[in-house]
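Here are my notes on this model. Please read them with the structure open.

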Amino acid sequence: MADFRDLRIVVIGAGMGGLGAALAFAKKGFKHIGVYETASNLGFVGAGIQMPPNVVRVLDRLGCWEEIEKEATDVKETSIRQGSTNVELAHVDMPDVREKYGFPHCTGHRASLAGGLYNGCLKESAITFHFATALQRIDSYAPTAKLTFKAREGEMYQVEADIVLAADGIKSVTRTQMLADALGTVSEEEDTGQAAYRIMLKRSEMLDDPELLALVDSDTVVRWIGERRHIIAYPVSDHQIYNLSTAQPDINFASATNATYTTRGSKEVMLGVFREFCPLVHRMLNLVPDGEVCEWKLRVHKELPIWTHGSIALLGDACHPTLPHLSQGAAMAIEDGAVLAECVSRTPLGETDNTAAAVAKALKVYELLRKPHTTALVDMASFSGRTLHLGEGKAKEDRDRAFRENGKSGSVPDKWASPDVQKMIYSNDCVKEATENFDKLFASLV
Ligand SMILES: Cc1cc2nc3c(=O)[nH]c(=O)nc-3n(C[C@H](O)[C@H](O)[C@H](O)COP(=O)(O)OP(=O)(O)OC[C@H]3O[C@@H](n4cnc5c(N)ncnc54)[C@H](O)[C@@H]3O)c2cc1C
C-alpha cells in the first residue's frame with residue numbers, strides 16, 4: 001500500500017481519547033475511520049474539566065478550540081486553602097499562561113469539550129460513528145486486525161482494520177485481551193483507596209450568598225485540603241456553573257462486591273466526609289439536591305509492559321489511567337491520538353512491501369514517545385495526592401511551610417499549581433516532539 005490515507009482505522013470508544021484520535025486521523029487525511037462506542041450517545045457526565053495549555057495546543061490544531069473556548073473560564077490564579085479554616089496556604093498567580101505557553105489554561109464543562117471534538121468529527125466525511133456497539137473480542141492482531149463487535153439490538157459481526165486505536169477507558173477489554181494474548185499476563189488494575197464526588201452548582205442558586213457568588217464569578221481554581229481528602233473547584237459554562245470535584249477515602253466501593261465504578265451516594269454521608277471543613281464548603285455541599293450525589297471510584301493501573309501489539313494500540317485511560325490530582329488524564333488521552341496520527345502519517349509505506357510491519361513499527365514509535373512522559377505524570381499525580389492529604393505531624397508542617405514560601409521557590413507542594421511543574425507540562429508540544437523524533441525512532445526499531 002503506497003498511500004497511508006487508504007489505511008482502515010478503527011477507534012474503540014468515543015470518550016475524549018477516541019474522539020480526539022478520530023479527529024486527528026481525519027485531519028491528516030485518512031479516509032476510512034470507524035468509531036465504535038458501547039453507549040447509545042456521547043452521554044458525558046455533568047462535570048467540569050480542566051484544559052491545560054498542552055491540550056489546548058492540540059485542540060487548536062484540530063480546529064475545535066474556538067468553539068470550546070467560548071464557554072470556558074480562562075484561569076488567572078489558584079488558591080490553596082486549609083479545608084477546615086478556609087485560610088489560604090498558598091496563592092499562585094497565573095496571569096501570563098497564554099503569553100508563556102502560547103495557549104491558556106482553561107476550565108470548562110465536559111460536555112463542551114466532548115461536544116467540540118464531536119462536532120469536529122461530524123464535519124469530517126471520513127469518520128463514521130457506530131453507537132450502541134461494543135467490542136466483544138480481538139480475533140487477530142496482524143497482518144490486519146480482526147475484531148468482533150455486537151450492536152445492542154443485533155448479531156455479532158466482524159470488522160477488519162489496518163490499525164485499531166483502543167480508547168476504551170480504564171476497564172479496557174482490549175488491554176485485558178492484548179496483555180493475555182501477547183505476553184500471557186493478567187491486566188492489573190489497582191485500587192487507590194480513593195473516591196470522588198462530582199458536583200455542579202448553578203449560579204442562580206448562589207445569588208443570596210456573596211462569598212459563593214464571588215467564587216463562581218472569579219477566574220480562580222480553589223483547592224481546599226484536609227487529611228485524606230480535598231475539594232477542587234472552579235467556574236465553568238460561562239460562569240453559570242460552579243464545579244466541585246472531591247477526593248476522599250473510598251468507603252462505599254471498598255465494601256461493594258460488584259465491579260461498578262460509580263454509585264449514587266447519600267448527601268448525609270457526603271456532608272459527614274467533609275465534616276471538618278469550613279462553613280463556606282458546607283454551604284456549597286448543602287446546595288446539592290438530595291438524591292443527586294454521585295460518587296466515582298478512582299482506579300489506576302500498574303504501568304503496562306506494552307501499549308501496542310501488531311496493528312493495535314492502546315491510548316488514554318486504557319493504558320495510563322491516572323488519579324485526577326494533576327488534571328491531565330483527558331489531556332494526555334487527546335495528546336495520544338494526535339501523536340498516533342502524526343506517527344502513522346509519517347510511516348514510509350511506499351518503501352516497504354509489508355504494510356503491517358511498517359504500521360506495527362509506527363505504533364511502537366508512538367509508545368516510545370508517550371510512555372515515559374505519561375508514566376511520569378501518573379506518578380506525579382499520585383505523589384501530589386499523598387502530599388495534599390497529609391494528616392497532622394512534621395511532614396504536614398514542612399508542607400505548609402513550603403506552601404507559604406511558594407513565591408520564593410517557584411514550586412508549591414500541590415504539583416498541579418506548581419510553576420515549575422506547569423512549565424514542564426505546559427510547554428510540552430507532543431506533536432512537535434513526534435515530528436522531530438519519528439524518523440530516528442522508526443529507524444532504530446528492527
Ligand atoms: C474526578 C475526576 C476528575 C478529572 N479531572 C480531569 C481534568 O480536570 N482534566 C483532565 O485532563 N482529566 C481529568 N480527569 C481524567 C479524565 O476524565 C480521563 O482521563 C479521560 O476522560 C479518559 O478518557 P478516555 O477516552 O481514555 O476514556 P473514557 O473517557 O473512559 O472513554 C472510554 C470510552 O470507551 C467506551 N467503551 C468502553 N468499552 C468499550 C467496548 N468494549 N466497546 C466500545 N466502546 C467501549 C466507553 O463507553 C467510553 O465512552 C478526571 C477524572 C476524574 C475521575
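Which helix lies across β3 and β7, and at what angle to β7 does it run?

1. Helix α5 (residues 110-122) lies across both strands and runs at about 85° to β7. Axes are lines fitted to C-alpha atoms, for helices over the stretch in contact, and angles run from 0 to 180 degrees between N-to-C directions. Helices (H or I, at least four residues) and strands (E, at least two) are DSSP runs, numbered from the N terminus.

2. This is a predicted model: local features need pLDDT of at least 70, side-chain atom pairs count only at pLDDT 80 or more, and totals for chains, interfaces and linings use all residues. Residues are numbered from 1 along each chain as its sequence is written.

3. The open sheet has three strands, ordered β3-β7-β4, with antiparallel pairing. Strands pair if DSSP finds at least two bridges between them. β3 and β4 (73-74) are the edge strands. β3 and β7 (residues 106-109) share four bridges. Q50 has T107 of β7 as its bridge partner.

4. α11 (residues 329-345) and α12 (residues 355-388) pack at about 150°, axes 9 Å apart. They are therefore roughly antiparallel (angles over 145 degrees count as such). M332 and D336 of α11 are among the contact residues, as are Y366 and R370 of α12; contact means C-beta atoms, placed from the backbone, within 7 Å.

5. The ligand is surrounded by 34 residues, each with its C-beta atom, placed from the backbone, within 6 Å. The closest are G13, G15, G169, G316 and G329. α11 gives the largest share of the shell, four residues.

Terms used:
Angles under 35 degrees count as roughly parallel, over 145 as roughly antiparallel, 65 to 115 as roughly perpendicular and the rest as oblique. Two residues are in contact if their C-beta atoms, placed from the backbone, lie within 7 Å.
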